[in-house]
Amino acid sequence: MTPQDHLLIVDDDPEIRDLVARYLTRNSYRVSTAANGRAMWRALDESRVDLIVLDLMLPGDDGLTLIRDLRARSNLPVIMLTARGEDTDRIVGLEMGADDYLPKPFNPRELLARIKSVLRRARDMAPAARDRAVVTMRFAGWTLDRNRRELISPAGVNVALSAGEYDLLVAFVEHPQRVLNRDQLLDLSRGRAAQVFDRSIDVQVGRLRRKIEANPAQPALIKTVRGGGYLFAAAVEAL
């Protein structure tokens, strides 16, 4: 974490906005707040933001709509805040590209831990990752540039990935032709700092398939292994 990290808190509850902003400011973050989607877009236009904490229940455009629109133009990390017990909203939010979620009411310390984890994954700042000689990998015509964190399609198109999708794809290309269960994929792609619900890996796999598979309903690259997990079936060339 660096003092330059800029967080945007989007929540229509002024007490939550003020509480979270004060807490995160005390932890050396620069913090801006917004009460709705219009204010969020205005804040994004005015300055660079490193991560958004986004409440799903907002007046006007709700959080799910904002995540969808944001993902159409940016890979900016998003942690969504949901009502406790709303598993459907969490799954839909992850499918639309949120990087993590936190149910209300929440402990600010847990939010801080999740922010640190998501920022760390988004920047890919681990020394071991930076020092790897192999930064570009190819599979089935696709090119994954880990230095730039870019995925290029066989047609030469840059395909936007959320931080979670990117980390999951890296886990797959680093372990091709090997069955990985959900726990292994959690450890490889997200670590155990984020306590995600059991089926979140399935959600991320589904989103990744829709981006890299010719037919997501009959995947040729990421295959499901009954009772085992998933297998990345493509041959991977490391450059």
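Buried here means under 20% relative accessible area, exposed means over 50%, and partly exposed lies in between (1.4 Å probe, protein chains only). The legends below describe a predicted model, in which local features need pLDDT of at least 70, side-chain atom pairs count only at pLDDT 80 or more, and totals for chains, interfaces and linings use all residues. Residues are numbered from 1 along each chain as its sequence is written, and side-chain values use heavy atoms, with hydrogens and water left out.

View 1. Helices (H or I, at least four residues) and strands (E, at least two) are DSSP runs, numbered from the N terminus. The protein has 239 residues, and 48% of them count as buried.

**View 2. F139, F172 and F232 form a cluster through ring pairs.** Two aromatic pairs occur in the structure. Rings of Phe, Tyr and Trp (its six-membered ring) pair if their centres lie within 6.5 Å; planes under 30 degrees apart are stacked, over 60 edge-to-face, the rest tilted. The F139 and F232 pair is edge-to-face, because the planes stand at 75°, with the ring centres 5.2 Å apart. This pair bridges distant parts of the chain, 93 residues apart: F139 sits in strand β6 (residues 136-139) and F232 in strand β12 (residues 229-232). Both F139 and F232 are buried. F172 and F232 make a stacked pair, with 5.9 Å centre to centre and 20° between the planes. F172 belongs to helix α7 (residues 163-174) and F232 to strand β12, so this pair ties together parts 60 residues apart in sequence. F172 counts as buried because its relative accessibility is 0%. F232 also has 0% relative accessibility, so F232 counts as buried.

**View 3. The second largest pocket is lined by 16 residues.** On a 1 Å grid over the protein atoms alone, a pocket is an open set of points where a 1.4 Å probe fits, with protein on both sides within 12 Å along at least five of seven lines; lining residues have an atom within 4 Å of a point. The second largest pocket holds about 240 Å³ of space, a volume filled by probe spheres set on grid points joined across faces, edges and corners. N75, P77, A122, R149 and A163 lie nearest the centre of this pocket. Four elements each supply at least two lining residues: α5 (108-123), β8 (150-152), β9 (158-159) and α7. Helix α5 gives the most, with three residues. The lining divides into nine nonpolar, three polar and four charged residues. Here Ala, Val, Leu, Ile, Met, Phe, Trp, Tyr, Cys and Pro are nonpolar, Asp, Glu, Lys and Arg charged, and the others, Gly among them, polar.

**View 4. S162 is a buried loop residue.** S162 is placed in the loop between β9 and α7. Its relative accessible area is 1%, so S162 is buried. Neighbours within four places in sequence are left aside in this view. Beyond them, S162 contacts R71, N75, G97, D99, Q204, R207 and K211.

**View 5. D12 lies in the loop between β1 (6-10) and α1 (14-26).** D12 has 38% relative accessibility and therefore counts as partly exposed. Apart from neighbours within four places in sequence, D12 is in contact with R17, A35, D55, M57, L58 and P59. D12 and P59 are 47 residues apart in sequence, yet their C-alpha atoms are 7.4 Å apart in space.

**View 6. A cis peptide bond runs from K104 to P105.** Omega of this bond is near -10°. P105 sits in the loop between β5 (100-104) and α5. Helix α5 is also the element that gives the most to the lining of the second largest pocket.

**View 7. A140 and Q177 have positive phi.** A140 is not a glycine, but its phi is positive, about 50°. A140 is in the loop between β6 and β7 (142-145). With 49% relative accessibility, A140 counts as partly exposed. Q177, also not a glycine, has a positive phi of about 60°. Q177 lies in the loop between α7 and β10 (179-180).

Key: Contact = heavy atoms within 4.5 Å.
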